[in-house]
Structure formats: structure tokens, C-alpha cells
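Trainee: I am new to this structure and would be grateful for a close look at a single part of it. Please take me through that part step by step.

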Amino acid sequence: MGVAIVITSGKGGVGKTTTTANIGAGLAQAGSKVALIDADIGLRNLDVVMGLENRIVYDLVDVVEGFAKLKHALIKDKRFENLHLLPAAQTRDKTAVSPEQMKHLVESMKEEFDYVLIDSPAGIEQGFRNAVAGADKALVVATPEVSSVRDADRIIGLLEANEKHKPSLIINRIRPSMVKRGDMMDIDDMIEILAIELIGVVPEDEAIVVSTNRGEPAVMNANSRAGEAYRQITRRLKGEDVPFAKIEEESGLFSRIRRMIGGFKG
Amino acid sequence: MFDLFARVFGREDASKDVAKERLRLVLVHDRASLSPQALEELKNDLMNVISKYLEIDQDGFQVDFSRHEETMALVANIPVRSVKRRTL
Ligand SMILES: Nc1ncnc2c1ncn2[C@@H]1O[C@H](COP(=O)(O)OP(=O)(O)O)[C@@H](O)[C@H]1O
Ligand SMILES: [Mg+2]
């Protein structure tokens with residue numbers, strides 16, 4: 001029996017889809033059987049970020065409505081042994097599926113895959129409820145900006161009210177030079193405010209744009225700093241105790257962070 | 001450069017500290033699910049109760065959250081016009 005993880009944020013454009021693609025590819029690279037579900041119905045994107053847009057035949061709604069079998073809708077990523085994508089429908093909207101149907105689907109996929117990653121749409125409406133319905137765990141993505149942190153706080157509140165979800169935080173697009181001069185909240189600030197467990201810190205990285213252009217997740221790029229951050233998140237998800245180090249060059253800051261967090265344990 | 005200069009001489013907070021402070025306050029409202037509307041209602045209720053005992057300046061009446069060190073407080077500023085004469 002696998003585990004289902006939803007990647008969510010409240011605010012749009014903070015890196016949910018990028019994160020889903022990279023963690024998915026990272027887990028598959030590390031030998032796990034992985035399925036990605038694009039739950040952003042109507043605003044399909046995970047397919048292009050993964051470079052699989054030309055291979056879509058059926059989608060999530062087709063499966064839920066019984067029009068297609070799951071195995072026919074899943075796109076196998078040829079670059080990885082065990083990575084599959086269930087694309088969102090592009091011409092439908094969030095109401096085309098219900099939270100109960102999503103839960104059912106995710107449950108059945110957990111029987112076949114080690115990890116089922118669900119890319120959530122922005123917002124706190126039905127699209128969000130659909131995305132979290134079948135998840136055992138949630139990763140909340142936030143950037144170090146007031147609007148993003150505020151929305152993350154709201155989402156964390158909703159997830160915790162649900163109790164079965166224990167959200168972990170991914171801080172995305174952090175810029176060491178801005179942190180250094182006091183113009184961007186640092187990791188300590190974000191954890192202090194949001195009071196949840198940290199599972200990864202992804203720096204702002206041009207390689208993300210380049211990799212999205214090419215449809216090749218940055219985890220595949222050994223030289224990308226964001227890719228390295230996603231590789232570390234992958235290892236933490238698998239239960240490894242990976243210290244939070246060397247994501248940024250500032251040594252003073254990092255010794256402080258290490259002391260505060262003491263490592264993530266699955 | 002001027003930014004840095006101002007900061008070194010303590011005339012301007014680092015913008016991340018401003019961000020943190022603003023977030024702290026806004027999250028109190030969000031977490032308490034006290035909308036600006038609800039806060040307005042609270043204010044009116046409070047004003048009605050206090051008006052039973054004191055004559056207050058309704059325009060100067062202020063209620064808001066404020067942070068003191070590590071704790072949050074609901075702070076009211078209630079200008080008093082006059083104490084009502086006891087009828088009994
Ligand atoms: N760490 C990063 N560095 C640079 N660009 C990023 C990073 N993370 C995300 N982006 C960019 O931000 C945009 C929004 O990301 P996306 O994953 O689509 O967000 P969401 O799914 O939350 O709406 C994309 O253009 C993406 O390339
Ligand atoms: Mg997205």
C-alpha cells in the first residue's frame with residue numbers, strides 16, 4: 001500500500017506544479033513506483049512541465065466518469081522506470097469530480113504505486129477539497145512573501161482541521177542575497193510564523209525556467225541548485241535524515257537553521 | 001545604498017522585519033476568523049455595553065489587536081465624555 005501526498009499552497013504561482021514534477025521524478029529516479037495526478041482541472045499544466053503533453057489520450061475526468069480505464073489514461077514517462085502521469089481534463093471544471101470520487105481513485109492507485117502525488121489547484125474551494133480528499137500527507141509550498149505565507153497559513157489551518165493531514169512546509173524561491181541584506185524573510189522567520197515542520201528549501205534558480213522550457217524536471221540536472229534541493233526533499237520523504245545544509249552559501253545563517261530544525265524525520 | 005545607510009543608523013527596519021510584523025497581525029485576524037466585519041460588530045457591542053455606564057466619544061472609540069512582546073492583546077481606546085449620574 002502506497003502513500004498519497006498532496007502538494008498545495010492556497011496561492012497560485014508559488015511552485016506547486018514545479019514541485020510535484022520534481023519530487024515525482026526524484027522519487028522515480030530513486031527507484032519508487034510513482035503516479036502523478038494533475039488535479040488542476042481546467043488549467044492543466046503538469047503535463048507540459050513534465051514534457052508529456054503530446055501523449056495524452058484520456059484524462060482524470062474520463063477515468064472518474066468510467067469512460068476510460070485508469071491504465072489507459074496513465075501516461076508512462078519513458079525517461080524513468082516507474083513514473084506515470086494522470087493528466088487533468090482541460091475542457092471541464094473542478095465540479096466535474098467530487099471529493100468522494102477523488103478519494104476512491106487515489107485509494108485504488110495506492111494499491112499499485114508507492115507514491116501518488118497530487119498537484120493541487122490554487123484556492124480553497126472545491127478544487128482544493130478534491131485534491132486533498134484522498135491524501136495521507138500534505139506538502140505546503142510557500143514563497144518568502146507576505147501574501148504567500150498568509151495563504152499558506154490558511155491552508156495549514158484547513159488541513160489541520162482535517163486532522164489526518166500533517167502538513168510539512170516547502171519554502172520555494174528563496175534568494176540568499178536578499179535574505180542576507182534583510183529584504184527577504186529567512187527560513188527561521190517562516191517556520192516561526194507558520195509553526196510547521198520544514199521538509200525542504202528550494203532556492204530561486206534559473207534552471208527551473210530552462211527545465212520547464214524543455215519539459216525536463218530540474219532533478220534530472222545534476223548542476224541545478226533547485227534540483228539538488230528537490231533531491232534532498234525526495235530523500236527526506238523516504239525517511240532519510242538529511243541535514244538542512246549548503247542550500248545557501250551564508251554559513252552563519254545555516255548553522256542557525258540547523259540548530260533550530262534539527263533535521264526532518266519521516 | 002541609501003537604504004543600507006539608513007538601516008545602519010537605525011532609521012529604517014529591514015523590510016523582512018516589516019513583513020513579519022504585518023504578517024503576525026494579519027494572521028491573528030485570520031486565525032481567529034475574526035473578519036474586519038466581525039471586529040466592527042464586536043466594537044459596536046462593546047460600545048453599547050460601555051455606554052450604559054459612561055458617556056463616551058463614539059468617534060474616538062478604537063478597538064484593535066496589538067502585539068506586546070510575545071503576546072497578542074485586544075486594545076481598546078475609549079475616550080470618556082462624562083460619567084453618567086447614578087439614578088439610584
Ligand atoms: N525555485 C524556482 N526558481 C525559479 N522559478 C521558479 C521556481 N519555482 C517555480 N518557478 C516558476 O514560477 C512559476 C510558477 O510555478 P508553478 O509550479 O507553475 O506554480 P503553481 O503550480 O503553484 O501555480 C513557473 O513559471 C515556474 O517556472
Ligand atoms: Mg500549478
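Mentor: Let us begin with one residue of this predicted model. Setting aside its neighbours within four places in sequence, Asp62(A) is in contact with Phe67(A) and Ala68(A). Asp62(A) belongs to helix α3 of chain A, which covers residues 60-64. Although Asp62(A) is buried, it has no salt bridge. Arg92(A) is the nearest side chain of opposite charge, at 5.9 Å, whereas a salt bridge requires the nitrogen and the carboxyl oxygen to lie within 4 Å.

Asp189(A) forms a salt bridge with Lys16(B), and their closest N and O atoms are 2.8 Å apart. Between chain B and chain A the count is seven salt bridges. There are also eleven residue pairs in polar contact between the two chains, counting pairs in which both residues are at pLDDT 80 or more. On the side of chain B that touches chain A, helix α2 of chain B (residues 15-31) gives the most, with eleven residues. By class, that side of chain B has seven charged residues, five nonpolar and one polar.

In contact across it are 13 residues of chain B and 14 residues of chain A. The two chains bury about 1300 Å² between them, with 50% of it on carbon and sulfur atoms. Of the area that chain B buries against chain A, 41% is supplied by Lys16(B), Lys20(B) and Leu23(B), more than by any other three residues.

How values were computed
Residues numbered from 1 in each chain as written. Chains lettered and ligands numbered in written order. Predicted model: local features only at pLDDT ≥ 70, side-chain atom pairs only at ≥ 80, totals over all residues. Heavy atoms only, no water. Contact = heavy atoms within 4.5 Å. Buried area = accessible area lost by both parts, 1.4 Å probe. Polar contact = N/O pair within 3.5 Å; in protein donor to acceptor, adjacent residues only side chain to side chain. Helix = DSSP H or I, 4+ residues; strand = E, 2+ residues; numbered from the N terminus. Nonpolar A, V, L, I, M, F, W, Y, C, P; charged D, E, K, R; others polar. Buried < 20%, exposed > 50% of the residue type's maximum accessible area, 1.4 Å probe, protein only. Lys, Arg positive; Asp, Glu negative; His and termini not counted.
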